[in-house]
Amino acid sequence: MTTLTPQKPAIPQPGGDVTPAPEPRPAAPESRPAAPESRPAPEPGPAQDPAWRELVDAVREAGQYPTRSEAESVTRVVLSALGGHVVGDERVDLARALPEEAARVVASQIPATRSLTAAEFVDSVAARIEGATPATARWDVSSVLSVLPSLVGDELVTRILDQLPPGYALLFGRAELTPAA
């Protein structure tokens with residue numbers, strides 16, 4: 001005699017044998033409710049990090065971007081480009097001063113082999129943003145870099161500018177003063 005359990009109904013087979021039904025497939029994870037105590041707390045990602053959100057919101061406001069997503073994309077591209085051109089203690093200090101996600105973007109870049117002029121830097125950003133022109137890339141770069149002084153401090157921005165070729169100060173929202181000859 002075959003014993004059946006409610007979880008495994010039998011399937012009659014030719015010849016009179018009965019085999020248990022295959023295990024039902026579990027529901028997709030997103031449709032299956034989970035007990036709150038069995039689910040680990042979500043890792044704070046960039047969208048949940050309040051400091052990252054504040055940075056993206058500041059960029060969105062400075063650049064007047066229509067969506068948060070667009071501001072976040074521009075922020076990542078510009079910080080990524082900057083991360084390759086800031087080196088040494090300034091790079092370490094910049095990463096420490098930025099929100100965790102922004103610090104990762106900066107620190108993950110391989111240092112550039114040669115310094116780019118400010119115009120070349122803007123052109124390199126334009127090449128990374130689909131449909132960007134030098135004019136729109138300059139807007140994007142300035143929208144991101146001009147919010148950094150209030151976030152990381154003027155002293156660090158001054159040290160970063162001292163490391164970069166002339167022309168970057170305007171991108172950070174500062175006047176570029178040159179000493180009299």
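The count of salt bridges in this predicted model comes to 11. Side chains of opposite charge can pair when their charged atoms come close.

| Pair | N to O distance |
|---|---|
| R159 and E90 | 3.4 Å |
| E101 and R104 | 2.8 Å |
| D154 and R174 | 3.5 Å |

The side chains of R159 and E90 meet in a salt bridge. This pair links distant parts of the chain, with R159 in helix α8 (residues 154–163) and E90 in helix α3 (residues 88–97), 69 residues apart. R159 is partly exposed at 23% relative accessibility. E90 has a relative accessible area of 16% and therefore counts as buried, the cut-off for that class being under 20%.

D154 forms a salt bridge with R174. Here too the pair links distant parts of the chain: D154 lies in helix α8 and R174 in the segment after α8, 20 residues apart. D154 is partly exposed at 49% relative accessibility, and R174 is likewise partly exposed, at 23%.

E101 is buried at 11% relative accessibility, whereas R104 is partly exposed with a relative accessible area of 43%. Both residues also take part in a network of salt bridges that links E72, R76, E100, E101 and R104.

How values were computed:
Residues numbered from 1 in each chain as written. Predicted model: local features only at pLDDT ≥ 70, side-chain atom pairs only at ≥ 80, totals over all residues. Heavy atoms only, no water. Salt bridge = Lys/Arg side-chain N within 4 Å of Asp/Glu carboxyl O. Helix = DSSP H or I, 4+ residues; strand = E, 2+ residues; numbered from the N terminus. Buried < 20%, exposed > 50% of the residue type's maximum accessible area, 1.4 Å probe, protein only.
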